[in-house]
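These are my notebook entries on a structure that I am reading for the first time.

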Amino acid sequence: MTYEELLTQQALADDRFVVMTAENRALVRNIYAHLGNRFIDTGITEQTMIGAAAGLALRGRIPVVHALASFLTMRAFEFVRTDAGIPNLPIKLSSFIPGFLSDGNGPTHQAIEDISLMRGIPNMTVFAPADEDDLLKMLPQIWNYPSPSYVRINTRKTEYEHAPFEFGRAEVIAEGSDVTILTYGLLFEQVLEAVKILEAEGLSVGFVNMRSLKPVDEQAILNAAKSNLLVSVEDHFLTGGLYSIIAEVLLKHQASAKVLPLALNEKWFKPSLLPKVLEHEGFTGKQIAERILGYNTKAVQATIAAQEFSE
Amino acid sequence: MSIQTTAIDKQQLQATALKVREHIIRMATDGGCFVGASLSAADLILYLYSEWLNVNKSNLADPNRDYLFLSKGHDVPALYGTFVELGLMDPERLKNHLSIDDHIYWHPNTKIPGIEFHSGSLGHLPSVAIGVALDIKIRGGKNRVVCILGDGELNEGTCWEAMLVANAYQLDNMIFVVDRNQFQANMPTEDLIPLEPLHDKFAAFGAAVKRIDGHDFDALHEAFSAYPFHPGKVNVVIADTVRGRGLPSIERRADRWFCNFTATEIDSLLKELHGEHQTQLTSETLVVR
């Protein structure tokens, strides 16, 4: 099953669904053949696409809209906030190449403030699946939830088989007393590597795949805060993303924790192909483990698959 | 499909338009409202609801109704006044203008039955309207979608983006109406961001365009009776209007866009509306933005 197959299946089963794109067809190349006029390409007009999605939603449709993450969240921000957020319309934002996934495109295409922007909109829900398996497990509930949703689309394949998705709940992969790593999106696959290395160094390691950034699983964060060190790992600016969410949750519950944030602090990342980007920015599994440990190990970093899309 | 031109009662419309303008003027105190832009759009809004749109108190949730989107937004007092005169809104409710206990404020919102979508941020509703028009096309419906734009609003790029998309999808069930009152917030349009030749601009985007006197009910009726103007083409009506129409003391005055009149001025302006005299305005001129 692919993203496009799942979306086709959903739209064929429920004719409220319409599929829209601002001429970003990488994920939906073949869907027109199945949906006909329920596939709407507005051209390179992210703002108009969102406004039109609102009009379609007023008529009872559930538009699943596609655009590059940076243009969907930033060029069209006010349309998302005003035309989807204020009226609480079920517009489903499929955000293409968010975070490090924009690899060689450069800073214009780097959506690394998207979580921050989208979760700031009342009524909006925000999700970041770890890989294709996670994505496909999460989407049916997200698409059928009666509010606007933002999804960091991630179709990368990993070996990991995820637990069924519970709306608003994190996936707790392991609990540990020395360190607990919280992450979301494509860095999941690197944290999987990091956990192995940390365990080989003798640590008791917890690992949480956040999945849903809004609503957020507060209990998962509070539980993680019981370990000696809590680490947030994200391809997002330090401000407004998971690190901020953790701080908000801890403050709200008057809890405290020692937190090490691994994020992009006041900087865009160096554009290159994804494996090189991760290495340059210190986000390979081995580097994540060593940044937590504070020393180098003899661990060997597994090969990181290149991006399948190059749009 | 062309609709048979039926006669309109022009005198009745003119009399009702005066009442709509009275409502607008009464809202322009205790906080005020965008009175100039409301007075320019009053006739065309009244015409559309009274004579053309399939919208009435009993069909507001009917998917086969026509839709009107007020994109410029700050002309909403003209819509409130029209709703009251056509029985869509309780006249008592207008007294709640700007009340914290009601939802009647400077821009439209869907808490008022009959208002299809909120606006206030310019350049949004052309795209929302084409989403509705697209859905009607997909379902094979015959209902029509009107979107009223301000001329100043046409500075926003998304108006033109929407025209491109509407043309691409041949939305001949979509009618954009420009309230061409020649002013944007603080300036005559032609002195700041010139729009002319406006007819040619829309035509170049593929629209079928009519330009008429937006205060002449016969001209409005003739234009809208010709819907659809051209199969497969988006309809555009450029309605030439006067900002502040009906009150010579504020007509075409850049500094009388948003007005917060004194009670004495309101009394005087209501008389001025009926041609009694011109008002000596003493309230502060307000330039918002």
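**Entry 1: A:Ser70**

I began with the contacts of A:Ser70, leaving out residues up to four places away in sequence. A:Ser70 touches A:Thr108, A:His109, A:Gln110 and A:Ala111, where contact means that the C-beta atoms, placed from the backbone, lie within 7 Å. I then looked up where A:Ser70 sits, and found it in helix α4 (residues 69–75) of chain A. Helices here are DSSP runs of H or I with at least four residues, strands are runs of E with at least two, and both are numbered from the N terminus.

Is A:Ser70 buried or exposed? A:Ser70 is buried, because 23 other C-beta atoms lie within 10 Å. The cut-offs, for C-beta atoms placed from the backbone, are 20 or more others within 10 Å for buried, 12 or fewer for exposed, and partly exposed in between. I also checked A:Tyr184, 114 residues from A:Ser70 along the chain; the two C-alpha atoms are separated by 18 Å.

**Entry 2: what kind of model this is**

I note that this is a predicted model, in which local features need pLDDT of at least 70, side-chain atom pairs count only at pLDDT 80 or more, and totals for chains, interfaces and linings use all residues. Residues are numbered from 1 along each chain as its sequence is written, while chains are lettered from A and ligands numbered from 1 in the order in which they are written.

The model scores ipTM 0.94 and pTM 0.96. For chain B the mean pLDDT (the predictor's confidence in each residue, from 0 to 100) is 95, and 97% of the residues of chain B reach 70 or more. I keep one caution in mind: where pLDDT is low, the predicted coordinates should not be read in detail.

**Entry 3: the two domains of chain A**

Chain A is divided into domain 1 (3–152) and domain 2 (171–293); such bounds come from an automatic or database domain assignment. The contact between them takes 25 residues from domain 1 of chain A and 27 residues from domain 2 of chain A. On the side of domain 1 that touches domain 2, α6 (114–119), β5 (125–127) and α7 (132–143) of chain A each supply at least two residues. I sorted that side of domain 1 by class and got twelve nonpolar, seven polar and six charged residues. Ala, Val, Leu, Ile, Met, Phe, Trp, Tyr, Cys and Pro count as nonpolar, Asp, Glu, Lys and Arg as charged, and the others, Gly among them, as polar. The C-alpha centres of the two domains of chain A lie 26 Å apart.

**Entry 4: chain A against chain B**

How many residues of chain A are in contact with chain B? I find 23 residues of chain A in contact with 21 residues of chain B. The elements giving two or more residues to the chain A side are α3 (46–58) and α5 (77–85) of chain A. The largest share of that side, nine residues, comes from α3(A). By class, the chain A side has nine nonpolar, nine polar and five charged residues.

**Entry 5: strand β7 of chain B**

Next I looked at β7 (residues 235–240) of chain B, which pairs in the parallel sense with β6 (residues 208–213) of chain B over six bridges. Strands count as paired if DSSP finds at least two bridges between them. B:Ala208 stands opposite B:Asn235, and B:Lys210 stands opposite B:Val237.

Strand β3 (residues 174–180) of chain B also pairs with β7(B) in the parallel sense, over six bridges. There the partner of B:Ile175 is B:Asn235. Five of the six residues of β7(B) are buried, so the strand is largely enclosed by the rest of the structure.

**Entry 6: backbone exceptions**

Most residues other than glycine have a negative phi, and most peptide bonds are trans. I looked up some departures.

- The peptide bond from B:Glu196 to B:Pro197 is cis, with omega near 0°, and B:Pro197 lies in the loop between α6 (189–192) and α7 (198–204) of chain B.
- A cis peptide bond also joins B:Tyr227 and B:Pro228, with omega about -10°; B:Pro228 is in the loop between α8 and β7 of chain B.
- A:Arg211 has a positive phi, near 60°, and is buried, with 27 C-beta neighbours inside 10 Å.
- B:Leu98 has a positive phi, near 70°, and is partly exposed, with 13 other C-beta atoms within 10 Å.

Key: Contact = placed C-beta atoms within 7 Å.
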